[in-house]
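Here is a short briefing on one model.

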Amino acid sequence: MNRTDIPPLKVKKDGKYLIRLINAGSDVHSIHTHGHHFKVVATDGRINPNPQVKDTISIAPGERYDLEFVADNPGAWPLHCHMGPHATHGMHTFIVYPGFEEKIMNHES
């Protein structure tokens, strides 16, 4: 998530998805999903035996997280960094279900 034209994550209702976050930069980021919770199933390549359920995760430089979620809330939902101006400078995209693509236009600046 390092530019303003990140394509949306297109999902289907009740699908199970994995998002891999890798912080290759030098800033800490707080990645947040609207409308969904996720399980942190792996940290830095190691499987988490008891995944935590969250909607926000802080990721430091050099860290990697695998997040698993079920697409169970139809709509167009922001997925972005909550740190200062990071989202407004390009660290944002959307989780979007079929039939809700036009809703993205209402969120973009």
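Two strands pair if DSSP finds at least two bridges between them. Strands (E, at least two residues) are DSSP runs, numbered from the N terminus. This is a predicted model: local features need pLDDT of at least 70, side-chain atom pairs count only at pLDDT 80 or more, and totals for chains, interfaces and linings use all residues. Residues are numbered from 1 along each chain as its sequence is written, and side-chain values use heavy atoms, with hydrogens and water left out.

- Four strands make up an open sheet, in the order 2-7-4-5. Their pairing is antiparallel.
- Strand 2 and strand 5 are the edge strands, and each pairs on one side only.
- On average, neighbouring strands of this sheet are turned by 25 degrees against each other, direction ignored. For such angles, axes are lines fitted to C-alpha atoms, and values run from 0 to 180 degrees between N-to-C directions.
- Strand 2 and strand 7 run antiparallel and are joined by seven bridges.
- Strand 4 (residues 38–43) also runs antiparallel to strand 7, with four bridges between them.
- E68 in strand 7 is the bridge partner of L18. E68 is also the bridge partner of K39.
- R20 stands opposite D66 of strand 7.

**Salt bridges**

- How many salt bridges does a search of the whole structure find? The search finds three. The criterion is a side-chain nitrogen of Lys or Arg within 4 Å of a carboxyl oxygen of Asp or Glu.
- Side chains of opposite charge can pair when their charged atoms come close.
- K16 and E68 form one of these salt bridges, at 3.8 Å from N to O. K16 lies in strand 2 (residues 16–22) and E68 in strand 7 (residues 64–70), so the pair ties together parts that are 52 residues apart in sequence.
- R20 and D66 form another salt bridge, at 2.7 Å from N to O. R20 belongs to strand 2 and D66 to strand 7, so this pair links parts that are 46 residues apart in sequence.
- D14 and K13 also meet in a salt bridge, at 3.4 Å from N to O.

**Accessibility of the charged residues**

- K16 is exposed, at 59% relative accessible area. Its salt-bridge partner, E68, is partly exposed at 24%.
- Is D66 buried or exposed? D66 counts as buried, with 8% relative accessibility. R20 is partly exposed at 48%.
- K13 is partly exposed, with a relative accessible area of 47%. D14 counts as exposed at 54%.

**Positive phi angles**

- Which residue has a phi near 70 degrees? D14 does, a positive value in a residue other than glycine.
- D14 lies in the loop between strand 1 (9–10) and strand 2.
- D44 is not a glycine either, yet has a positive phi of about 50 degrees.
- D44 sits in the loop between strand 4 and strand 5 (46–54). At 34% relative accessibility, D44 is partly exposed.

Methods. Buried < 20%, exposed > 50% of the residue type's maximum accessible area, 1.4 Å probe, protein only.
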